[in-house]
Amino acid sequence: MSDDESTEIDGTDTPTAVGVKLGSTRTVLDLPDERDDRERHSTLTCLATYEDAITGEERVLFGNEAATEYPDTVRFMLRSGLPESDESVADATRFFEALLDAYDVPADSAVVYAVPTIDNEVGVRNLESVIEESPIGEAAVRSFPESLCGAIPAYGDGLDAIDEVFVSVNMGSTTLEACAYRRGEQLTPFSTGSVTGNEVDRRIVAAVEEETQGRVHIDRTTAREYKEQHADIDEFEPFTDVVQQPGGGSHEFTVDRGVREPVDRYIDDVVDAVANEFLPELANDHMKPYQLALGRPIVVTGGMACIPGLVEEFETRLSETLDRDVAVVAPDDPAEAAAEGAARIAERLV
């Protein structure tokens, strides 16, 4: 890339501020656009390889195209939240480089990554290697907790969240994270891999099979699509789909409990984890910040928070469990908020 490539997007000589969330299901880039505004690009965190029909060379396809065109061989290299093997590190590196190339992200950039709070030293180091060895971030490379980055857009247009005392809950695909923040400092970070969006997908697979009396078997990708397209806490409507029968012909079926019940159970599980595991530990470690934080809105981010009505239902059930009124807020786009918050920090850095 040329030395002045950073000026192609934002029209200035300063490094380009870039926010990145390299997620287990989706990766989001927050970049300046040609109008000196910001835009976000979201794609599935996956890749597929295929052989060029003319040259015979191996080609890489990533994101939504890879998942759609090669569903049998597509690789979601961060299914567990972090790259844990040499193969997943190599796949994550190829995916990330292909993504950066597709959106012409300049090397002369200040990059802030939103990273999960997971107690996995090997996985975290592997993710850092993918990030640090990428061709961007010549001006600066920093990382901040995903739950903090995601909370920033919920507290306004600037970086007000950095000066607050509050609790953030990140409802992700591979982990449920909760943490209190005191002027940007993490207090009692909590994470669990037992209450996740991926677990909801697995339950949808089983629930659809049960609801159709074993006649329909869907994969987890289809289950995720059902969840993202149809789940709605207040206004869910049963929907139909069609599968091809092994012996020929097709079978039309209706999905009702197959989506409603796994999502409903997820909310109960989140309330239980926050109310009975995280908050008691926070109160034991930091009583005064605990009291201050519960007097302010709890921020909810992550892909599961995108389900209509889920944030409001979480607020209701958490208030009932704690036997006190608790306010819960979410950014406009909970799934992309972490990249947006990271980009705001990057802008401050430059």
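**Ground rules.** I number residues from 1 along each chain as its sequence is written. In this predicted model, local features need pLDDT of at least 70, side-chain atom pairs count only at pLDDT 80 or more, totals for chains, interfaces and linings use all residues, and side-chain values use heavy atoms, with hydrogens and water left out.

I looked up pockets on a 1 Å grid over the protein atoms alone; a pocket is an open set of points where a 1.4 Å probe fits, with protein on both sides within 12 Å along at least five of seven lines. Lining residues have an atom within 4 Å of a point. Points are joined across faces, edges and corners, and a volume is the space filled by probe spheres set on them. The largest pocket holds about 540 Å³. I found 33 lining residues, with Lys21, Ser173, Gly302, Gly303 and Ala335 closest to the centre. β1 (16-22), β2 (26-32), β8 (165-171) and α7 (220-230) each give two or more residues to this lining. Elements are DSSP runs numbered from the N terminus: helices are H or I, at least four residues, and strands E, at least two. α7 gives the most, with 3 residues.

**Second largest pocket.** Its volume is about 210 Å³. The lining includes Phe76, Arg79, Asp219 and Arg220. α2 (63-69) and α7 each supply at least two lining residues. Here too α7 gives the most, with 5 residues.

**Helix α6.** I checked the length of α6 (residues 197-211). The expected span is 1.5 Å times one less than the number of residues. The 15 residues should therefore span 21 Å, and the end C-alpha atoms are 20 Å apart, which agrees. Buried residues (under 20% relative accessible area, 1.4 Å probe, protein chains only; exposed is over 50%, partly exposed in between) include Val200, Ile204 and Val208 in α6. The buried residues of α6 pack against α7, β12 (250-255) and α8 (257-285); contact means heavy atoms within 4.5 Å. Glutamine 213 follows α6, with a positive phi near 55 degrees.

**Cysteines.** How many disulfides does the structure hold? I count 0, taking a disulfide as a pair of cysteine sulfur atoms within 2.5 Å. For cysteine 46, the nearest cysteine sulfur, that of cysteine 306, is 18 Å away. Cysteine 46 counts as buried because its relative accessibility is 0%. For cysteine 306, the closest cysteine sulfur is in cysteine 149, 17 Å away and so too far for a bond. Cysteine 306 counts as partly exposed, at 37% relative accessibility.
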